[in-house]
Amino acid sequence: MQNLTEGLWRWTARHPDWHPGEFGAEVACFAAQAGDTTLLIDPLLPSDPEPVLQAVDATLADRLAILITIPYHVRSSEELWRRYRNQADTSIHGHPACAKRLSDRSGFRPIETDQELPGGVTAHRIGKPRRHETPLHLPSHRALVFGDAVAEWEGRLRVWTADRVDAKVERFYRERFNPTLEPLLDLDFDAVLPTHGEPVPNGGKRALGEALKAKPWYHHG
(Lines give C-alpha, C1' and ligand atoms only; values in the text may rest on other atoms or scores of the structure.)
Protein backbone atom coordinates (compact mmCIF):
# COMPACT_ATOMS: atom_id res chain seq x y z
CA MET A 1 0.00 0.00 0.00
CA GLN A 2 1.42 3.34 -1.09
CA ASN A 3 0.36 6.31 1.01
CA LEU A 4 -0.31 9.15 -1.47
CA THR A 5 -1.44 11.66 1.14
CA GLU A 6 -3.21 11.59 4.48
CA GLY A 7 -6.11 9.17 4.23
CA LEU A 8 -5.45 8.18 0.59
CA TRP A 9 -3.68 5.00 -0.54
CA ARG A 10 -2.85 3.23 -3.77
CA TRP A 11 -1.93 -0.35 -4.50
CA THR A 12 -1.34 -2.29 -7.70
CA ALA A 13 -2.15 -5.80 -8.81
CA ARG A 14 -1.47 -7.92 -11.86
CA HIS A 15 -4.03 -7.26 -14.61
CA PRO A 16 -6.17 -10.41 -14.96
CA ASP A 17 -5.84 -10.47 -18.76
CA TRP A 18 -2.71 -8.65 -19.95
CA HIS A 19 0.80 -10.04 -19.93
CA PRO A 20 3.68 -8.85 -17.73
CA GLY A 21 5.95 -6.21 -19.22
CA GLU A 22 3.25 -4.50 -21.24
CA PHE A 23 1.69 -1.16 -20.40
CA GLY A 24 -1.27 -1.81 -18.15
CA ALA A 25 -0.07 -5.19 -16.92
CA GLU A 26 -0.20 -3.68 -13.44
CA VAL A 27 -3.40 -1.86 -12.59
CA ALA A 28 -3.91 0.60 -9.75
CA CYS A 29 -6.58 0.54 -7.07
CA PHE A 30 -7.31 3.15 -4.43
CA ALA A 31 -8.51 3.37 -0.84
CA ALA A 32 -9.53 6.53 0.98
CA GLN A 33 -10.96 7.71 4.27
CA ALA A 34 -13.74 10.26 3.87
CA GLY A 35 -15.19 11.06 7.27
CA ASP A 36 -17.02 8.01 8.61
CA THR A 37 -16.70 6.23 5.25
CA THR A 38 -13.95 4.00 3.89
CA LEU A 39 -13.77 4.06 0.09
CA LEU A 40 -12.34 1.31 -2.11
CA ILE A 41 -12.11 2.23 -5.78
CA ASP A 42 -11.80 -0.41 -8.52
CA PRO A 43 -10.35 -2.91 -6.03
CA LEU A 44 -8.41 -5.89 -7.36
CA LEU A 45 -6.77 -8.08 -4.73
CA PRO A 46 -3.21 -9.10 -5.61
CA SER A 47 -1.92 -12.66 -5.45
CA ASP A 48 -0.92 -11.99 -1.83
CA PRO A 49 -3.92 -10.02 -0.57
CA GLU A 50 -2.93 -9.80 3.09
CA PRO A 51 -1.20 -6.37 3.02
CA VAL A 52 -4.26 -4.83 1.38
CA LEU A 53 -6.72 -6.59 3.66
CA GLN A 54 -4.74 -5.67 6.77
CA ALA A 55 -4.70 -2.02 5.70
CA VAL A 56 -8.45 -2.04 5.12
CA ASP A 57 -9.01 -3.80 8.45
CA ALA A 58 -6.96 -1.13 10.22
CA THR A 59 -8.82 1.80 8.68
CA LEU A 60 -12.34 0.36 8.36
CA ALA A 61 -14.93 2.97 9.30
CA ASP A 62 -18.64 2.65 10.03
CA ARG A 63 -19.39 2.59 6.34
CA LEU A 64 -17.52 0.90 3.47
CA ALA A 65 -18.33 1.95 -0.09
CA ILE A 66 -16.83 0.04 -3.00
CA LEU A 67 -16.89 2.32 -6.03
CA ILE A 68 -16.46 1.11 -9.62
CA THR A 69 -15.43 3.47 -12.42
CA ILE A 70 -16.24 1.09 -15.29
CA PRO A 71 -17.85 -2.38 -15.40
CA TYR A 72 -14.59 -4.09 -16.41
CA HIS A 73 -13.22 -3.08 -13.01
CA VAL A 74 -15.75 -4.92 -10.83
CA ARG A 75 -13.02 -7.51 -10.18
CA SER A 76 -12.68 -8.21 -6.42
CA SER A 77 -15.62 -6.04 -5.38
CA GLU A 78 -17.97 -8.87 -4.49
CA GLU A 79 -15.28 -10.76 -2.56
CA LEU A 80 -14.60 -7.65 -0.48
CA TRP A 81 -18.29 -6.97 0.02
CA ARG A 82 -18.76 -10.49 1.39
CA ARG A 83 -15.77 -10.09 3.70
CA TYR A 84 -16.85 -6.78 5.24
CA ARG A 85 -20.64 -6.73 5.07
CA ASN A 86 -20.98 -7.95 8.65
CA GLN A 87 -18.41 -5.47 9.96
CA ALA A 88 -19.64 -2.24 8.38
CA ASP A 89 -22.47 -0.85 6.29
CA THR A 90 -21.02 -2.14 3.02
CA SER A 91 -22.23 -1.46 -0.53
CA ILE A 92 -21.01 -1.58 -4.12
CA HIS A 93 -21.68 1.37 -6.44
CA GLY A 94 -21.24 1.46 -10.20
CA HIS A 95 -22.87 1.89 -13.58
CA PRO A 96 -25.97 -0.33 -13.88
CA ALA A 97 -24.02 -2.55 -16.32
CA CYS A 98 -21.80 -3.63 -13.40
CA ALA A 99 -24.68 -5.72 -12.01
CA LYS A 100 -24.28 -8.49 -14.59
CA ARG A 101 -20.76 -9.15 -13.27
CA LEU A 102 -22.01 -9.85 -9.74
CA SER A 103 -23.46 -13.19 -8.63
CA ASP A 104 -25.10 -11.55 -5.61
CA ARG A 105 -26.55 -8.13 -6.36
CA SER A 106 -28.09 -7.48 -2.95
CA GLY A 107 -25.29 -5.07 -2.01
CA PHE A 108 -25.18 -3.30 -5.37
CA ARG A 109 -26.39 0.26 -5.84
CA PRO A 110 -26.51 1.55 -9.43
CA ILE A 111 -24.98 4.98 -9.85
CA GLU A 112 -27.11 7.82 -11.07
CA THR A 113 -24.58 10.32 -12.39
CA ASP A 114 -24.30 13.62 -10.57
CA GLN A 115 -25.82 12.16 -7.39
CA GLU A 116 -23.72 12.32 -4.25
CA LEU A 117 -22.28 8.94 -3.29
CA PRO A 118 -20.89 7.84 0.09
CA GLY A 119 -18.02 10.01 1.27
CA GLY A 120 -19.29 12.94 -0.80
CA VAL A 121 -18.03 11.32 -4.02
CA THR A 122 -19.70 12.22 -7.30
CA ALA A 123 -19.71 10.22 -10.54
CA HIS A 124 -19.69 11.98 -13.90
CA ARG A 125 -20.98 10.91 -17.28
CA ILE A 126 -18.65 11.06 -20.25
CA GLY A 127 -18.80 10.13 -23.91
CA LYS A 128 -21.01 10.87 -26.88
CA PRO A 129 -22.60 8.36 -27.10
CA ARG A 130 -22.43 8.00 -23.33
CA ARG A 131 -19.91 5.49 -22.03
CA HIS A 132 -20.39 3.13 -19.13
CA GLU A 133 -17.37 4.73 -17.49
CA THR A 134 -18.02 7.30 -14.77
CA PRO A 135 -14.95 9.20 -13.51
CA LEU A 136 -15.16 9.74 -9.75
CA HIS A 137 -14.50 13.01 -7.95
CA LEU A 138 -13.29 12.71 -4.35
CA PRO A 139 -13.75 16.14 -2.76
CA SER A 140 -12.29 14.83 0.51
CA HIS A 141 -8.90 14.56 -1.23
CA ARG A 142 -9.38 16.93 -4.19
CA ALA A 143 -8.82 13.98 -6.51
CA LEU A 144 -10.30 12.72 -9.78
CA VAL A 145 -10.17 8.98 -10.54
CA PHE A 146 -10.34 7.54 -14.07
CA GLY A 147 -10.94 3.95 -15.13
CA ASP A 148 -9.90 3.73 -18.79
CA ALA A 149 -10.64 7.09 -20.43
CA VAL A 150 -7.47 8.78 -19.20
CA ALA A 151 -4.17 7.00 -18.53
CA GLU A 152 -0.67 8.11 -17.58
CA TRP A 153 2.30 7.26 -19.75
CA GLU A 154 5.86 8.61 -19.66
CA GLY A 155 4.98 11.35 -17.20
CA ARG A 156 1.92 12.70 -19.01
CA LEU A 157 -1.79 12.13 -18.87
CA ARG A 158 -3.25 10.78 -22.11
CA VAL A 159 -6.76 10.40 -23.43
CA TRP A 160 -6.68 6.69 -24.22
CA THR A 161 -8.29 5.20 -27.31
CA ALA A 162 -8.75 1.54 -28.17
CA ASP A 163 -8.45 2.36 -31.88
CA ARG A 164 -5.36 3.18 -33.87
CA VAL A 165 -5.23 6.92 -34.36
CA ASP A 166 -6.01 8.12 -37.85
CA ALA A 167 -7.69 11.32 -39.02
CA LYS A 168 -11.17 9.93 -38.31
CA VAL A 169 -10.32 8.83 -34.77
CA GLU A 170 -8.53 12.09 -34.05
CA ARG A 171 -11.54 14.08 -35.23
CA PHE A 172 -13.94 11.98 -33.13
CA TYR A 173 -11.97 12.65 -29.97
CA ARG A 174 -11.44 16.32 -30.72
CA GLU A 175 -15.04 17.06 -31.68
CA ARG A 176 -17.13 14.54 -29.73
CA PHE A 177 -15.35 12.78 -26.89
CA ASN A 178 -12.92 15.25 -25.36
CA PRO A 179 -15.59 17.96 -25.02
CA THR A 180 -17.49 15.62 -22.69
CA LEU A 181 -14.45 15.55 -20.38
CA GLU A 182 -14.00 19.31 -20.32
CA PRO A 183 -16.68 19.91 -17.62
CA LEU A 184 -14.50 17.87 -15.25
CA LEU A 185 -12.07 20.78 -15.26
CA ASP A 186 -14.65 22.81 -13.34
CA LEU A 187 -14.40 20.42 -10.37
CA ASP A 188 -12.16 21.14 -7.39
CA PHE A 189 -9.25 18.72 -7.77
CA ASP A 190 -5.48 18.78 -7.89
CA ALA A 191 -4.68 15.05 -8.09
CA VAL A 192 -5.57 12.76 -10.99
CA LEU A 193 -5.57 9.06 -10.18
CA PRO A 194 -5.67 6.81 -13.25
CA THR A 195 -5.98 3.07 -12.82
CA HIS A 196 -3.52 2.67 -15.72
CA GLY A 197 -0.21 4.41 -15.12
CA GLU A 198 1.21 6.50 -12.31
CA PRO A 199 -0.80 8.96 -10.23
CA VAL A 200 -0.47 12.70 -10.73
CA PRO A 201 -0.58 13.93 -7.12
CA ASN A 202 -0.19 17.62 -7.93
CA GLY A 203 -1.02 19.75 -10.95
CA GLY A 204 -3.55 17.21 -12.19
CA LYS A 205 -6.01 19.80 -13.47
CA ARG A 206 -3.37 21.38 -15.69
CA ALA A 207 -2.19 17.95 -16.86
CA LEU A 208 -5.73 16.90 -17.74
CA GLY A 209 -6.32 20.14 -19.65
CA GLU A 210 -3.18 19.49 -21.69
CA ALA A 211 -4.28 15.93 -22.41
CA LEU A 212 -7.62 17.14 -23.73
CA LYS A 213 -5.85 19.43 -26.20
CA ALA A 214 -3.51 16.71 -27.45
CA LYS A 215 -4.12 13.86 -29.88
CA PRO A 216 -5.65 10.71 -28.41
CA TRP A 217 -3.18 8.04 -27.39
CA TYR A 218 -3.40 4.47 -28.61
CA HIS A 219 -2.01 1.49 -26.81
CA HIS A 220 -3.45 -2.00 -26.85
CA GLY A 221 -2.56 -4.51 -24.16
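Q: What makes strand β5 (residues 63-67) count as mostly covered?
A: This is a predicted model, in which local features need pLDDT of at least 70 and side-chain atom pairs pLDDT 80 or more, while totals for chains, interfaces and linings use all residues. Residues are numbered from 1 along each chain as its sequence is written, and side-chain values use heavy atoms, with hydrogens and water left out. A residue is buried under 20% relative accessible area, exposed over 50% and partly exposed in between, for a 1.4 Å probe and protein chains only. In β5, 4 of the 5 residues are buried, and the strand is therefore mostly covered.

Q: Which handedness has the crossover from β4 to β5?
A: The path leads from β4 through α1 to β5, and this β-α-β crossover is right-handed. The term applies if, with the strands pointing away from the viewer, the path from the first strand over the helix to the second runs clockwise.

Q: What joins β5 to strand β6 (residues 89-94)?
A: These strands pair in the parallel sense over 5 bridges, and His93 in β6 is the bridge partner of Leu67. The chain passes from β5 through α2 to β6 in a β-α-β crossover that is right-handed.

Q: Why are the buried residues Val52, Leu53 and Val56 of α1 said to lie on the same side of the helix?
A: Val52, Leu53 and Val56 are buried in α1. They span an arc of only 95° around the axis, which places them on the same side of α1; the arc is that of the directions from the helix axis to the C-beta atoms. The cover over the buried residues of α1 includes β2 (8-14), β4 and α2, where contact means heavy atoms within 4.5 Å.

Q: Why is the pair Arg83 and Asp57 called a salt bridge?
A: A salt bridge requires a side-chain nitrogen of Lys or Arg within 4 Å of a carboxyl oxygen of Asp or Glu. The closest N and O atoms of Arg83 and Asp57 are 3.1 Å apart, so the pair qualifies. Because Arg83 lies in helix α2 (residues 77-84) and Asp57 in helix α1 (residues 50-59), the pair ties together parts that are 26 residues apart in sequence. Arg83 has 36% relative accessibility and counts as partly exposed; Asp57, with a relative accessible area of 36%, is also partly exposed.

Q: How many salt bridges does the search of the whole structure find?
A: The search finds 5. One of them joins Glu175 and Arg174, with the closest N and O atoms 3.7 Å apart.

Conventions
Helices (H or I, at least four residues) and strands (E, at least two) are DSSP runs, numbered from the N terminus. Two strands pair if DSSP finds at least two bridges between them.
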